[in-house]
Structure formats: structure tokens, C-alpha cells
Amino acid sequence: MENLYAGLEMLARWDVVLALFVGSIGGVIIGAIPGVGPAVAIAILLPATFSLDPIVGLTMLLGIYGSSMYGGAIPAILINTPGTAVNALTSYDGYPMTQNGEGHRALSLAYSASFWGGIFGIGCLILLSPVLALIAPMFGSREIFLAALLGIILVVLAHRGQIFAAGLLAMFGIFLQTVGLDAVTYTQRYTFGYSFLSSGINLIVVVLGLFALSQAFFLLTAPDNVPDAKPVQGKMTSGIKELMKHKRVATVASAFGVVLGMIPGTGEFTAQFMSYTYAQKTSKNPELFGKGSPEGLIASEAANNAVPAAAMIPLLALGIPGEALTAMMLSVFYVHNVIPGPQLFQNHIDLVYGLYFALILLNVIVMIFLLFSTNLLTKIIRVPTRFLGVMILILSFVGVYSLRNSLTDCMISAAFGVLGLILKRLNLPIVPIILGMVLGGIIEVKLRSAMPRLKTPFDMIDRPISFILFTIIILVLALHLRTLVKEYRAHQGPEDHDLHDSQTR
Amino acid sequence: MSRVKTLQSLFKRYRRPGDIVFAWLILIFSIFMLSQIGDQTAYKNGGKLFAQPRFWPAVSLGLMTVFSAFHLLGSALSERIEGRWREVLSWLAAFEYAGWFIAYAYLVPYGGYLPTTVLFAVALSLRAGYRSARMLIAAVLSSIVIVVLFKAVLKVNLPSGLIYETLPNGLRQFMLTYF
């Protein structure tokens, strides 16, 4: 209980409150502008937060992470252009509603569903944390190794239809992380005699290149475009009443969000598709899905907003990020020497509670902000895309250069920017590279530290948690093979689908 | 089964033009890197396999080569979509902006953060095709806001420009600290 108070006390500071407001309202705006998403914003702000207190920096980044999806629903519904990647499914039912003259209804429903999902996710996080505090100390080196390995396997398998591409990019990430001086044996790895490679390839330089610079290049090389959303009329609170008629869908979708958000490597897309499928299967009007079904909209928005809180669970409890944004936040912890993992729950539980409260507050702030300022936002998002590209380029410079004032970093980052642009244009995933880099580092360190205690390979899985994790890995691989065989037997023709055309936001 | 089907179809993506070029490039890159493993990593005699400095580069590059080969195979077997080289040209176009970015980063320590940023914003806006006074003023104002926010307010670690040294005494100190 006193930890709860300590957590609340952490937030009762003017700089934390300011960070919370800047993060949540900034996040909504960033989410609402098609062309910049939370990944771009967090990558740019990351180095700037290093000089702030951990709680201040984390609240701001968490604010952007948790609120961008609220904002992203606005252009998804009004102009059929998702503001962030995870709002793609929202446009499926939201835009047809706008075409039927129900834009206001769709927006207010999306906000209410998002709020429901967000609060549900935090509720689960708070309820689960005593359990986590019990289980987390049972995670030793080999358990964390296996969990990180599972994360890599899942991030590859989650990219259905692109497994080879996702696999090669994840491996590329693991490789990047090995470049430089090996910390244990002091031998050079892939430095080719260049001194700038000895210290390794910095994660933030890569992140800024792959997410921010690539986006700037993408916008600058594409034709100029001005998103034009029409204002809507009516009270925004009406969605809450309508949501109450679909509590079941909203809750199940949020639950999918929580479960898949916790599992490293899966995240919003999988959660959305599963809850969307569920909503359609159990709906009284399944034929409306894709043509303006309120249930489809709710399923999509509730699922994606439940993810951020849940994604904090593996990050805080094990130090294993499940997707790109939490991977970026991990570096904030490292810079301040707060190492997430089992010890965090024992030594810094107040920080954990502080983050929970910040998450609740941010959902409330965003909801209130949106109830009054949706039409203002429709004006703000009219930034021409190429101009946005110019601004992202200028802001990325702050991010890369402030790390250590190195021109070499800028060049490396620019190279990754071009790589990111190619991946975006080819509709190939970027996230596996980042997760490969972060999880690859964890895998290497943890396997090494587990080694001395392993006499035979079976010692790896002779503890309960490690055995469970190992079984899950085997199960996941087996299930994947089974689906492949089924698919082959069914002789299913190739179904072209552009739904994942979402890397570009 | 039908549920599995719906899920699969939702997750599928199709190949864009130019995919095969990327597949070739990445395969060549991984084979080249793998071929350098003897020179670029060490193998300590007597140490355990998993603790070798060569172990993870070998695993990652090995698998990367395998995955790239399959990706290339998939690309080669897929129906060809027109516009491959047009797509590659659009990748090359990105190098121009990468050049702009590096030039900007190169000039900041000499020209000072504020003047370089304002000039860069205006120049790049012109390059992007904006001619109206409204857009150019917007570029100037936004770049000033960015500089004030990051350098003066957040005190982010950025070099102060050599050009400020030529300013008169009082102003010089002010510019060096805040812009």
C-alpha cells in the first residue's frame, strides 16, 4: 500500500505532470497526423529524455505511446488514412460510417472503445503485478534467454506471408548487435579495422535511421499531399452510451490486446485481427463488417489501446521488450542505470506504480482533450506531407547528433534511413531488425551467464519456468508447421492483401 | 478451419515491384559477411562453443543467408510485377536527401545551430517544391521553434557554431549558450 502512495508521490511533481500533458496531448496530435507515428516521435525524443529524470522521460514517452492510437483513429475514420500503423483496421469500418454520414458517431465510438481498452489494460496490469512480483524472481539467466528467444521466434512468425523477410531482418538485427568489441573476450567482431565500429552500432542511431529518417525520405520522395478532413458535428460523449451495448465485444477485444501485448513479438496487429474475427463471428450483423459496423470499429480500437499497458509487463518484469516502441523505452532505463527485470519489482516498485498511475491519468487526459478538440485536430492535421518530411529531417538531426556529436553517427543513421525507405516501399517489416538487435543482445549475455551452471543441455530446461517456456517454443513452431501443411493441402491460391500497408505511417 | 483461413488471408502481403532486387542485394550482403567470418571474428581454443565470440555472428549470418535465399526463391517464383527499375530509381532518389541530411550535420558546428537550421529548412522546402511565402515563413518559424525548444529549453547536447566567435562580446556568450 505504501508503495502505491510512493508511486502517486512520484507523479506529484510539476515536471512529471508537464511531461504527462506534453506526452499525451502531443501523442494525440502526432497520432492524428498521417505521416508521423509514435515510433518517429519517440525515436526523435529519446536522446532528449536522457537528460531528464527517469520518471519524467518515461512518462512523456509512455504518454506518446498510449495516446497516439486515439489520435490515429481520426484520419482513419474521416479520410480513410490511418494516422498510425495500428489504426489501419479502424478505417475498415470507420470510413464507411463517415461515408454514410455517421462520422461523428464513428469518432465518438472509437474514443470510447479506446478508453475502454486502455483502462482495461491498466486494470490487468495492476491486478497482475503482485503475481508478477512473485514470478519475476523465478526468472534467471536461462529463463530470460528462452523468453527472448521466444520473442524473436514470434516476431518472425507473426509476419505471416513474409516469414522469410521477417526472419532475415531479425537475423540482421542480431548480427548488427554483435558488431564491435566483444565485451568478454575483448576481440573485434566485424569492425573491418575501423575504429568507429569498435564501440558497436548504436541502437538509437539505427532506430532514428530506420524509423525517423526513412520516414522523412519517404515523404520527401513521394508526391506532396495535404490530408483534408472535414469537421464533424455533435456531442462526443454519445459514443459511451453506444459502447455499453457492445460491452462484450469491447471486453473480449481488450482481453486479446492484453494477452497478445504481453507476449513479446506479437502485439497490436495480431490482437486486432483476432478480436475483429471474433466480433464478426459472434455478431448479429456479420454482413456489416467492412461496411461500417460499429462492432468492428470497437473490436479494432479496444484491442490496440489495451496493448501499451500490457506491453509494459515483459518490459518491466523481465527487461524484454515485445515491440519497437518498448525496445526504445528500454534504452531510457539503461541510460539511467535502472535495469528492468525482476530486481525492478523488488527495488523500484514505486517507479512501477508511478508508471501505472501515469497510464491511467494519460487515458483520462486524452479522453477529455478529445471530447472538446476533435474539430481543432482536423485542422491541425492539414500539414503538407513534404513539409512534414523537412521537419522530420531537422528533428532527426537533434536526435542523432546530440548522442555524442558525431558526424559518423549521422552517416550511419542516413544509411539506415535509406534501408528503412526501401523496406517501407517494399512493404517489408522494420520491427524485426530492432527487436533482433535488442533481444539478440539479451540472448547473447544471458546464454553466456547461464553457461557455467549447465552441465548437460537438459539442465537448460530443468526448472519449471524454463521448461514451460521451452514447451511453448516447441508448440509455437509445431503449430506453425501444422498451418503450413494445412495451407499446402488446401492449395489455397495467393490472396493479395495490402492491409499491412502500414509501415509508412 | 475457416477461421484459420480468414486470419491467414488478413495477414498475407503481396510482393511489390523491386522485391527481387532487394532479395538479391541482401543475399549478396549476407554471403559476403558470412565469408568474412574467419577474418572478422576470433575463435578461442578450449572455450565452450556457445561462449565463443564467433558463435552469434555465425548463427545470425548463417540463418540470414538461409532466409535470404528462401526470400529470393519466393520472389523469383512470384509473378513479375512491372516497374522494377522505376522502383529502384525511387530508392536512389532517397540518397539525395541522405546527402542533404549529412551536409546539414556537417555544417552545424561551423555555421551554428540556429542559422544552419533556418537556412536548411528554407532550402529544403524550396527543393521540395514549395514556393509560397506562407510555406517558407512556416519553415523559418518551425525551425526557430525547434532550435529554441531543444537547445535553449531542453539544453540538448549540441555544438555551438564557430561563426558565433565573430560576434561582439555580450551577444557571443548569449548565442553560444542558447542557440
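This is a predicted model: local features need pLDDT of at least 70, side-chain atom pairs count only at pLDDT 80 or more; totals for chains, interfaces and linings use all residues.
User: What radius of gyration does chain B have, where a compact globule of 179 residues would have one near 16 Å?

Analyst: The C-alpha trace of chain B spans about 70 × 55 × 35 Å along its principal axes. Chain B is divided into domain 1, residues 2–82, and domain 2, residues 94–178, and the C-alpha centres of these two domains of chain B lie 41 Å apart. A compact globule of 179 residues would have a radius of gyration near 16 Å, but for chain B the value is 26 Å.

User: How many helices and how many strands are there in chain B?

Analyst: Read along the sequence, chain B follows the pattern α-α-α-α-α-α-α-α. One of its helices is H2, residues 19–35 of chain B, in which Met33(B) is found. The count for chain B is therefore a matter of reading that pattern, in which each α stands for a helix as a DSSP run; it comes to eight helices and zero strands.

User: Is Met33(B) buried, partly exposed or exposed?

Analyst: Met33(B) lies in helix H2 of chain B, and its C-alpha atom is separated by 41 Å from that of Leu119(B), 86 residues away along the chain. A residue needs 20 or more other C-beta atoms within 10 Å to be buried and is exposed with 12 or fewer. Because Met33(B) has 18 other C-beta atoms within 10 Å, the residue is partly exposed.

User: How many of the twelve residues of helix H3 of chain A are buried?

Analyst: The buried residues of H3(A) include Pro38(A), Ile42(A), Leu46(A) and Thr49(A). What covers the buried residues of this helix includes H2 (14–32), H4 (54–79), H9 (203–221), H14 (324–335) and H17 (385–404) of chain A, together with helix H7 (133–153) of chain B. Helix H3 of chain A is largely enclosed by the rest of the structure, because the number of its residues that are buried is twelve of the twelve.

User: Which residues touch the most other members of the largest nonpolar core?

Analyst: The largest nonpolar core has 220 residues. Ile42(A), one of the buried residues of H3(A), touches Leu61(A), Ile64(A), Tyr65(A), Leu325(A) and Met328(A), not counting residues up to four places away in sequence. The residues that touch the most other members of this core are Ile42(A), Ala43(A) and Phe101(B).

User: Which element gives the largest share of the side of chain A that touches chain B?

Analyst: Contact between the chains involves 64 residues of chain A and 68 residues of chain B. The elements of chain A that give two or more residues to its side include H8 (163–178), H12 (268–282) and H20 (464–490), and the residues of that side divide into 35 nonpolar, 18 polar and eleven charged. The largest share, twelve residues, comes from H17(A).

Key: Residues are numbered from 1 along each chain as its sequence is written. Chains are lettered from A and ligands numbered from 1 in the order in which they are written. Domain bounds come from an automatic or database domain assignment. A nonpolar core is a set of buried Ala, Val, Leu, Ile, Met, Phe, Trp, Tyr and Cys residues joined through C-beta atoms within 7 Å. Two residues are in contact if their C-beta atoms, placed from the backbone, lie within 7 Å. Helices (H or I, at least four residues) and strands (E, at least two) are DSSP runs, numbered from the N terminus. The radius of gyration is taken over C-alpha atoms; the globule rule is 2.2 Å times the number of residues to the power 0.38. Ala, Val, Leu, Ile, Met, Phe, Trp, Tyr, Cys and Pro count as nonpolar, Asp, Glu, Lys and Arg as charged, and the others, Gly among them, as polar.
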